[in-house]
Amino acid sequence: AHGFFRTQNVMVGLAEHYASWGIRVVTMNLLHSSFIDNNPIQDAQDLNLLSNEIFESSPVIYMGHSAGGLRSVLAAVQDSNTIAVFGMDLVDLYMDDSFLGQDYCQELLVPLWGIFGEESSCNSNLNGLEIFNIASNGNAVRITEADHCDFESPTDLLCTNLCQDDNEIFSDEEVNSVILNLSTSFLLWQTGLNIDAQLLWNPENEYYQGLIFDGAIEQLTSLSLDYKK
């Protein structure tokens with residue numbers, strides 16, 4: 001699911017990448033994600049309808065960027081076929097005296113994992129992070145020098161003009177490589193297409209240790225020792 005005031009066009013590259021690994025992927029235009037009509041609950045219901053129409057009772061992973069990440073959490077709570085949720089620079093929404101994602105995630109029993117960029121106004125200063133702390137099986141890492149646009153593929157001038165920052169340590173290619181490696185490995189692991197893909201998230205794994213050592217990622221939540229179950 002794409003972010004606020006965006007379209008499926010900025011998600012197509014990611015969708016095609018995940019599909020190339022054998023994962024069945026669907027992306028859509030959210031109908032209630034604009035300045036004149038911002039309704040995450042209705043969008044989540046639309047995601048549920050699409051999922052049930054295409055996949056019926058098959059296991060589903062909801063995945064989204066920014067406000068689309070919030071909608072993925074809401075959709076996952078409402079769908080008994082959900083096996084996992086993955087957020088990319090997820091942004092929460094304050095409404096009716098509380099944060100919507102924080103309220104919903106308390107009912108989420110499946111893994112809720114995600115990746116964040118650097119804190120900025122474009123990701124509401126990481127206000128979605130608390131969702132991962134509250135969730136019963138939440139895990140989130142920050143990717144150093146990733147900006148909000150790095151979680152779109154392809155992005156466009158609207159995002160880059162508003163949200164893109166210059167890198168000083170890692171190149172855009174290195175940042176995007178980490179985003180793709182971590183997100184793809186999570187999907188392959190949770191779908192069962194490649195159980196060993198979980199190793200890329202294991203703190204004892206050489207790849208993960210290397211990212212930590214180089215400062216490419218930072219653990220943002222407490223990672224449960226039971227996370228592999």
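Helix α7 is followed by G192, whose phi is positive, near 85°; helices here are DSSP runs of H or I with at least four residues, strands are E runs of at least two, and both are numbered from the N terminus. The model is predicted, so local features need pLDDT of at least 70 and side-chain atom pairs count only at pLDDT 80 or more, while totals for chains, interfaces and linings use all residues. Residues are numbered from 1 along each chain as its sequence is written, and side-chain values use heavy atoms, with hydrogens and water left out.

Buried residues of α7 include V175, V178, I179 and W189, where buried means under 20% relative accessible area with a 1.4 Å probe, protein chains only.

A pocket is an open set of points on a 1 Å grid over the protein atoms alone, where a 1.4 Å probe fits, with protein on both sides within 12 Å along at least five of seven lines; lining residues have an atom within 4 Å of a point. Of the 30 lining residues, R24, V25, V26, F55 and I61 lie nearest the centre of the largest pocket. By class, this lining has 22 nonpolar, 7 polar and 1 charged residues.

Conventions:
Buried means under 20% relative accessible area, exposed over 50%, partly exposed in between (1.4 Å probe, protein chains only). Ala, Val, Leu, Ile, Met, Phe, Trp, Tyr, Cys and Pro count as nonpolar, Asp, Glu, Lys and Arg as charged, and the others, Gly among them, as polar.
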